[in-house]
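Hello,

I am passing this structure on to you, and my notes follow below it. Please look through the model before you read them.

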Amino acid sequence: MMKRMIGVIVCIILPAIVWAQHLSGTVTDKKSGEPLFSATVGLTPESGKTVYTTTDLAGWYQFKKLLPGEYVLQVSYVGYKTYKNKVRVSSASAMVNISMEEDIQLLGQVSVNGRATRAEQKGDSLVYNAEAFKVLQGSTAEELLAKMPGVVVEGGTVQAQGEDVKKVLVDGKEFFDGDINLALKNLPADIIASIEVFDKKSEQAEFTGFDDGEEIKTINIVTKSGFKEGTFGEVYGGYGTEDRYRVGGNVNFFDGDRRVSVLGMSNNVNQQNFSQEDLAGVMASSAGKGRGGRRKGGKAGGGPGNSANNFMVGNLGGVTASNGLGLNYVDQWGEKVKVTGSYFFNQSVNNSEKIPDRYLFDSVLPGMSYHETNSSRMENWNHRFNMKLDYQIDKNNSLQIRPVISFQNNDMTGMWLGSNLTDGAVESEVENNSYSDIDAYSVGGSMIYRHRFPVLGRTLSVTFNGTMSDKVGDVYSDYVNRQYGEQTVEESYGQYKATADKQYMWNGSLMFTEKLTDAWQLQTNYRVSYSNVDADRKVYERAAVGDLYEQLDEDLSNVYESDYLTHSGGVGLRFHQKQLNVMLGADFQYSSLMGNQYYPVYEDLNKKYFSVLPSATVRYTLDRSNSFILRYRSRSASPSVTDLQEVVDNTNPLFLTSGNPELDQQINHSLNLRYIRTTSSGHTFIAMAGATFQQNYVADSSFVAKEDMVLPSGVEMEKGAQYTKPVNLDGYYSFQSMLTYGFPLDIIRSNLNLSIAANYANVPTIFDGMKSATRELNVIPKIIIGSNISHNLDFTVSYSATINKIFNSLSGAANGDYTNHLAAAKLGWTFWKGFTFQTTFNYINYAGLDESDSDYFLWNASIGKKFLKHNQAEIRLEACDLLNQNQAFLHQIGSNYYDYINYNVLKPYLMLSFTYTIR
């Protein structure tokens, strides 16, 4: 009996003893003794597969649950000689500390290995190895991404392979609904193993394998294995002169499939983590005023609140105080349900002062210009919630449900003074004081059901989407109009504008695929969509005595309803063999647009459209290093309800606008070719070329009143004022191209990225009854040298130029040539006993659009000290705008004009801050 008990005890304890061995240690620089962060450590048993890990901030590595025996331990780190040695793991845990020698000649296998994993083409994705791009400890994913060839990070936007990135994933899962700013600004660089850039297809296309054209440029951040479980993040706080402050942080709790991320921020130094989506509801009406292909332009005047860009003051100027709070949740519920959800709240207050100047081309109206001074205060509140639920019913059936809810409020007070000038002399001006209050909400959702039949390649998928939105606004404005001549004529009046916009939209689709042969697959689809828009706009004049707004102005008021119904059927063929993948398809689309104006007089509109919309995609992978992709797409775009309403918008009496009920739908054709080459030596080459053609392009038709006049709608138009409405014109086309080449520069242990982009656009327009075209050519060369030395020393030097040439077809001469130069340098250094020094230096120059060039230097610097265990804490003194030269100005081109806009900026300040890294 005793022997059996001993045997049982031995059987229980022995496996625990056998698997109790650990191997751990530190990896450091042999010369300085500094820990080497993110070194790759491999452990290979005598018989078996190699297991890998990476060192943490303290250079620490660890392997757990090892069997006793002989192992080969290998450590590699870019710029250092590879360490390789045999180690024995016995009954006791072993510790092996490794000192790495720097490879002074930067030759040998370690450098080759570092370059070999710099970038690699895997299917449709370009995969960057994060370890091949060194950034300072504490850097964000955004700073890491900016070092990668073919990626441009500027002004809160990210471009990859010449296209705007629309979504960011983390380990293939949505992070705050794919919000670009929230992901890149809050995820630390040191947790990233690789970054994948690809064109994400729609859920249906990913399921069926057929490219339906609904794709967006996407970045997937792949985290290191050591960070798929655990807690990481950072918290920070700072206070400085001029009452400047910045506090916030983010904490991520990763536990396998369950991931919880919490972030918060509060500051008044223009740091914003929200995206344009947070502003979509309150800005919906202004978005409808846009014309495709326009060069950032809009009306020069109109007071505050005409463009969503006013919210993004960090990019364009002004001073913003922001408060934000976010929560992201990812989990696996059982074996069949995956869930992702996020909530984000943002509140911001922007104080903006800007001075726009607009100059009409001499070929259009010689000597005419517009000058404005504008001051506003805007407060915006936003709540955004979304969820994604994936239910794998069984191996052949799945269901996905996605609800989305957002609530927004915007309050604004502002004043502006706008003047029309001829040869520098003021002819008329408008002074405006206004207050607006806008509330908006949007509730929607989508559902996708997918089924695989027992027959290989036969699938059926059904989708349904629905959205309901509502926006209500009140705007109070006081005006003073002045006409200058032999006598000055002045008129004062007040207006109250009440708007209510409601929209209901739903669409559904069926998609069926059938495998014809091993190489051929057939796809058929049917889609139906419907949208209903109610737009109610009432304008009341202020009474001559008192502050009552009782007199309804019928000429400026409008009640309009539109219904847009579309039926579409399509067929597609897919051919796949070895390296070649071809998809050909065509959709046959029938649409009906019905509009009813109920006020001030009843009018109805009934338009029907039929379109044949072909598409094609050709992918050819020559080998792992070379790939081609050719895409052709055609799309239709119906006029918005705002573009169809003929009611006049007199927000700025010097720039009147209205819609056009005779607008036809616009057809867009686009062709794009992309070639990517990656080599084992770390070289990356990307070439892109594209063309866009638009039928029935929605262009601007404008004229300037030579004398006081009355428009057909009954609205008075003063001499010198401009009236614009949309019209359909043929003749719009554009060409785009880009080359980028990145490679390691061994002599200075850096990466060199060279790129050049060239774009040409022909934009038709009508001015004073004359049809013309504005032709714009811009060439953008760029060079970036980014260090790849270590996590203790990092520098980036860059230069770019935007060379613009503008021609008008009437004159054939250049009208608005200008060049923008941007030179930048950034240095970060962690040196003796954890002291840090960081500095950025920028030189910006605009030349050509006005008589005097505009340029300035912006210099920021900081010095700090890291302390506590693993240098997880840092105290830092920052100095912003040391030379007191910071400015914010913008050049932009319209169909027959160019704008030059100045904004207010932050004044120089000092700030003392504390940061703590959570690992």
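Four strands form an open sheet in the order 3-2-5-6, with antiparallel pairing. Strands here are DSSP runs of E with at least two residues, helices are runs of H or I with at least four residues, and both are numbered from the N terminus. Two strands count as paired if DSSP finds at least two bridges between them. At the edges are strand 3 (51-54) and strand 6 (83-89), each of which pairs on one side only. From one strand to the next the twist averages 25°, where axes are lines fitted to C-alpha atoms (for helices, over the stretch in contact) and angles run from 0 to 180 degrees between N-to-C directions. Seven bridges join strand 5 (residues 69-76) to strand 6 in the antiparallel sense, and valine 75 is placed opposite tyrosine 83 of strand 6.

**What kind of model this is**

The model is predicted: local features need pLDDT of at least 70, side-chain atom pairs count only at pLDDT 80 or more, and totals for chains, interfaces and linings use all residues. Residues are numbered from 1 along each chain as its sequence is written, and side-chain values use heavy atoms, with hydrogens and water left out.

**The protein as a whole**

The protein has eight helices and 51 strands. Of its 919 residues, 50% count as buried; buried means under 20% relative accessible area, exposed means over 50%, and partly exposed lies in between (1.4 Å probe, protein chains only). The accessible surface comes to about 41300 Å², and 58% of that belongs to carbon and sulfur atoms. These areas come from the Shrake-Rupley method with a 1.4 Å probe, and for residues only the protein chains shown count as cover. Among contacts between residues at least 6 apart in sequence, 66% join residues at least 24 apart, a contact being heavy atoms within 4.5 Å.

**The largest core and strand 16**

A nonpolar core is a set of buried Ala, Val, Leu, Ile, Met, Phe, Trp, Tyr and Cys residues joined through side-chain atoms within 4.5 Å. The largest one holds 41 residues, and Tyr128, Leu144 and Ile219 touch the most other members. Elements that give two or more residues to this core include strand 10 (125-129), helix 3 (141-145), strand 13 (163-170), strand 15 (192-200) and strand 16 (216-223). Helix 4 supplies the largest share, four residues. Another core, apart from this one, has 18 residues, among them Val41, Tyr71, Val89 and Met100.

Strand 16 is mostly covered, with seven of its eight residues buried. Strand 13 runs parallel to strand 16 and is joined to it by five bridges, while strand 15 pairs with strand 16 in the antiparallel sense over eight bridges. Asparagine 220 in strand 16 has leucine 169 opposite it, and glutamate 196 also stands opposite asparagine 220. Leaving aside neighbours within four places in sequence, the contacts of isoleucine 219 include Leu145, Val158, Val165, Leu169, Ile195 and Glu196.

**A buried asparagine**

Asparagine 252 belongs to strand 18 (residues 245-255) and is buried, at a relative accessible area of 2%. Its side chain makes a polar contact of 2.6 Å with the side chain of serine 261. A polar contact is a pair of N or O atoms within 3.5 Å; within protein, one must be able to donate a hydrogen and the other to accept it, and residues adjacent in sequence count only if both atoms are side-chain atoms. Not counting residues up to four places away in sequence, asparagine 252 also touches, among others, Phe175, Leu187, Phe232 and Val260.

**Hairpins and backbone details**

Strand 23 (residues 397-422) and strand 24 (residues 425-452) pair in the antiparallel sense over 26 bridges. They form a hairpin with two residues between them, and aspartate 423 in the turn has a positive phi of about 50°. Strand 24 also pairs with strand 25 (residues 459-483), antiparallel over 25 bridges. That hairpin has six residues between the strands, and glycine 457 takes a positive phi near 90° there.

Aspartate 171, in the loop between strand 13 and strand 14 (173-174), has a positive phi near 55° and is buried at 18% relative accessibility. Tyrosine 599 and proline 600 are joined by a cis peptide bond, with omega about 10°.

Regards
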